[in-house]
Amino acid sequence: MSIVCGNSWGWLLDTCTHIDEGLQRCVCFSVGVEKPTYFQYFFKREYFNISKPHVQIQQNTDILTSSIPAKHSNGEGAKIDLRTRKKRKRKQRDLNTGELDAHIYHGKIRSVVLEGSQSLLEAGRQCGFLTEALTTPSSESLPTHECQLAALCDMAKQLPLTDESVVAPVQTLNRDGLDPQLDLFSYITENPFDCAYEVTLMREKYLLPPRSRFLLSDITRMHPLVNSGDKFDLIILDPPWENKSVKRSNRYSSLPSSQLKQLPVPALAAPECLVVTWVTNRAKHLRFIKEELYPYWAVEVLAEWLWVKVTRTGEFVFPLDSQHKKPYEVLVLGKYRSCTDHTVRCSAVDELPEQRLLISVPSVLHSHKPSLSAVLKPYISGKPKCLELFARSLQSDWTSWGNEVIKFQHSSYFTRERADDPARTSETVQKLMD
């Protein structure tokens with residue numbers, strides 16, 4: 001369970017614990033060895049070893065405080081250094097429309113973030129969580145796996161399309177692992193077993209959680225997912241929003257907002273499907289989801305939640321009132337309201353609250369979001385079908401899609417320990433009973 005504690009403000013989450021739960025017993029095969037070896041995998045804690053804020057809080061930089069030019073006591077302007085004057089001019093420039101909208105939004109939710117975070121962090125400390133930084137090596141020294149999945153998806157576009165009129169079959173793991181010749185770009189790949197599997201895909205080792213499914217493709221090759229016939233009760237999206245930072249760093253390909261409308265969410269959503277979208281702090285993106293994207297999909301906006309990012313000692317990763325980066329991101333939640341299906345659903349679920357906080361230590365890996373499975377469980381049906389779009393990792397009992405869908409399942413992000421052979425464990429238990 002990823003929830004450390006919760007109250008009326010929201011939840012404090014432990015992301016690593018959730019990842020590890022799906023990999024407590026992993027089947028691994030070696031070349032030339034018929035019998036498998038069993039390991040337990042752990043996501044490297046160094047990737048979550050954020051011990052201090054990225055930016056230290058400075059005096060007199062509160063965005064909610066008006067800046068007043070320095071003057072002498074007689075009212076005349078003070079002489080200041082030219083470099084200092086230039087800096088002050090930048091700080092005092094008028095906000096553009098987007099910045100003004102973000103400023104207003106921040107003013108509305110500031111007290112909720114501050115008070116709710118204090119309450120949840122205090123509850124976490126009483127549980128012994130977030131009391132000190134990790135003693136593991138700094139995350140800055142960790143090598144990062146160079147992911148080539150997006151490039152492979154681009155190459156796969158040259159392959160002929162499968163017949164879209166035929167329901168695409170789901171290819172599954174064998175008990176002795178995946179066939180390396182399987183087509184990962186045209187079919188949904190599934191691990192149907194209750195154990196995780198270490199498999200070699202495209203000459204790299206990946207860990208597939210139990211009962212997980214994925215499709216590796218870009219937005220132009222989603223038909224295997226649509227043609228599978230599955231209708232989902234929960235759909236989570238983490239779009240690659242356009243922004244200046246992404247363009248400068250060239251870390252991944254962004255997607256224009258207008259192209260998000262091409263996603264076949266109505267074709268994948270079951271009646272009353274809960275749709276959740278991660279959004280950056282740019283006001284135009286939030287406005288686009290609420291005023292254009294969700295109405296286009298027939299999704300009714302019901303709530304806005306906030307993911308608040310803190311250090312290992314419970315400080316905000318960025319100053320709360322920073323004019324640039326905020327220590328939180330927004331999630332927009334809504335329900336798909338089908339115009340043709342009037343089936344009344346009998347499953348009793350809790351009413352979705354309009355505002356909640358999710359607090360966790362973020363990963364240093366870009367766009368590595370915490371799982372929402374545990375916090376959303378009360379608001380969907382008992383045994384829901386769940387789908388993540390633009391995923392970069394897998395979860396047990398979920399279907400995931402994206403052009404980097406197994407990126408964070410690469411074995412280099414994990415450490416492992418030898419686990420007992422389940423057959424041997426069963427024999428030992430039987431002998432003790434006899």
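User: Which residues are linked in a network of salt bridges?

Analyst: This is a predicted model, in which local features need pLDDT of at least 70, side-chain atom pairs count only at pLDDT 80 or more, and totals for chains, interfaces and linings use all residues. Residues are numbered from 1 along each chain as its sequence is written, and side-chain values use heavy atoms, with hydrogens and water left out. A salt bridge is a side-chain nitrogen of Lys or Arg within 4 Å of a carboxyl oxygen of Asp or Glu. The network of salt bridges links Asp238, Lys309, Glu329, Lys369, Arg392 and Glu404.

User: How many residues apart in sequence are the parts tied together by Asp238 and Arg392?

Analyst: Asp238 and Arg392 form a salt bridge with their closest N and O atoms 3.6 Å apart. Asp238 lies in the loop between β10 (232-237) and α6 (244-249), and Arg392 in the loop between β15 (386-389) and β16 (398-402), so the parts tied together are separated in sequence by 154 residues. Helices (H or I, at least four residues) and strands (E, at least two) are DSSP runs, numbered from the N terminus.

User: Are Asp238 and Arg392 buried or exposed?

Analyst: Buried means under 20% relative accessible area, exposed over 50%, and partly exposed in between (1.4 Å probe, protein chains only). By this criterion, both Asp238 and Arg392 are buried.

User: What is the relative accessibility of Asp194?

Analyst: Asp194 meets Arg211 in a salt bridge at 3.1 Å, N to O. Arg211 is partly exposed, with a relative accessible area of 31%. Asp194 counts as exposed, its relative accessibility being 62%.
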